[in-house]
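Please read the points below beside the sequence and the model.

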Amino acid sequence: MQKSLKRKLRIGLGLSLIILFVSSLASYISISNLIESSKLVAHSNDVMGKTNEIISTIKDAETGQRGYLLTGENVFLEPTVGARDRAADLIEEVEDATKDNPVQQRNLSKLRDIVEKRLSILDETIAIRSRGGVVSVPQLLSGKKYMDAARRTIKAMNAEESRILQSRTEELIQFSRYTPALIILAAIFSFLITIYFYLQLSADFTQRLVLQKELEDKNNEMDHRIEVIQGLAEQISAGNYSIRLDASGTDGLGSLTGSLNSMAVSLQYSFSLLADKEWQQASIASLNNKIVGEKSLDDLARDIMDCLAEHTASQVGALYIFEDQALHLAGGYALDSGQQKELIQIGEGLA
């Protein structure tokens with residue numbers, strides 16, 4: 001019973017630990033993937049933000065160029081100052097962030113060349129205007145061509161990042177979908193296993209209580225029987241050899257009871273035999289004392305009848321002497337006149 005209980009406890013705890021480990025591992029993997037996906041989403045957003053910042057830097061420089069070409073005021077050139085360095089720094093940051101993506105690396109190489117050429121045209125037109133010259137329409141159209149190419153390249157890069165972002169979002173949704181289902185399933189299994197082993201342990205506990213009650217009853221019964229056997233032994237030691245106990249039990253105490261009963265029978269027989277012999281010896285000695293001395297036949301017969309009646313606890317008695325082929329009354333004890341028969345012939349009555 002104890003081994004069975006331990007085995008069930010081990011199985012139940014083992015299964016619970018396994019389910020707990022699986023659900024914890026699933027939660028850990030899901031949370032790790034969620035964190036990683038969140039980082040990747042933030043990374044994609046950062047890349048798209050920096051590519052848009054590149055085109056914004058060029059736009060600002062282009063806006064400053066237009067203002068200067070129209071007015072000739074140097075104040076409009078403020079957005080163009082350092083535009084090349086800012087754009088180069090942003091391109092390097094995006095290149096470092098997308099070094100694991102060959103498509104983006106190719107797009108960045110193309111974008112770097114486009115930005116360099118567009119800024120070179122921008123510087124060239126500003127220099128022409130600063131010398132008092134007139135910027136030609138082909139030069140402006142050339143700048144527009146590179147600007148359009150930059151927009152297309154930025155758009156392609158953002159499209160690539162959007163594709164990557166969508167893929168990562170789908171993975172995130174997939175993990176978000178499967179993980180709760182796995183956790184719920186593990187919780188259901190844990191609940192069912194807990195209920196099952198609770199019922200098993202409850203049944204085992206109830207059975208143990210029943211067995212414990214039976215053992216207590218058996219122990220109380222054995223204590224009672226031991227007390228009875230002890231009382232029997234005390235009775236026998238006190239000289240009461242006629243006492244007996246029920247020896248119907250098949251256990252050791254039943255055998256002991258039977259042995260004690262047998263011992264009581266043997267002791268009763270032995271002491272009864274000794275008592276009978278003692279009574280016989282005492283009766284013979286008393287009779288000898290009665291018949292000692294010079295007495296007449298009537299006195300001798302009366303003394304013998306008195307002794308025999310006393311030792312045999314008889315109510316009435318008669319002593320006959322065989323003489324002349326008949327029994328003649330020689331003495332009696334408590335004989336009424338109607339009960340006395342002086343002569344009994346041989347063959348008459350019991351004689």
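1. Glu 62 touches Arg 118, Leu 122 and Met 147, leaving aside residues up to four places away in sequence; contact here means heavy atoms within 4.5 Å. The model is a predicted one, in which local features need pLDDT of at least 70 and side-chain atom pairs count only at pLDDT 80 or more, while totals for chains, interfaces and linings use all residues. Residues are numbered from 1 along each chain as its sequence is written, and side-chain values use heavy atoms, with hydrogens and water left out.

2. Glu 62 sits in helix α1 (residues 2–71). Helices (H or I, at least four residues) are DSSP runs, numbered from the N terminus. With a relative accessible area of 7%, Glu 62 is buried; buried means under 20% relative accessible area, exposed over 50%, and partly exposed in between (1.4 Å probe, protein chains only).

3. The side chains of Glu 62 and Arg 118 are joined by a polar contact of 2.7 Å. A polar contact is a pair of N or O atoms within 3.5 Å; within protein, one must be able to donate a hydrogen and the other to accept it, and residues adjacent in sequence count only if both atoms are side-chain atoms.

4. How many salt bridges does the structure hold? There are 12 salt bridges, each a side-chain nitrogen of Lys or Arg within 4 Å of a carboxyl oxygen of Asp or Glu. Side chains of opposite charge can pair when their charged atoms come close.

5. Arg 84 forms a salt bridge with Asp 123, with the closest N and O atoms 2.5 Å apart. This pair links distant parts of the chain, 39 residues apart: Arg 84 is in helix α2 (residues 83–97) and Asp 123 in helix α3 (residues 102–130). Arg 84 is partly exposed at 28% relative accessible area, and Asp 123 is partly exposed at 38%.

6. Another salt bridge pairs Arg 151 with Asp 148, the closest N and O atoms being 3.4 Å apart. Both residues lie in helix α4 (residues 137–237), three residues apart, which is about one turn of the helix. Arg 151 is partly exposed at 35%, as is Asp 148 at 24%.

7. Arg 163 and Glu 160 also meet in a salt bridge, at 2.5 Å from N to O. Because they are three residues apart in helix α4, about one helical turn separates Arg 163 and Glu 160. Arg 163 is partly exposed at 48%, whereas Glu 160 is buried at 11%.

8. A network of salt bridges links Asp 46, Lys 50 and Glu 93.

Methods:
Helices (H or I, at least four residues) and strands (E, at least two) are DSSP runs, numbered from the N terminus.
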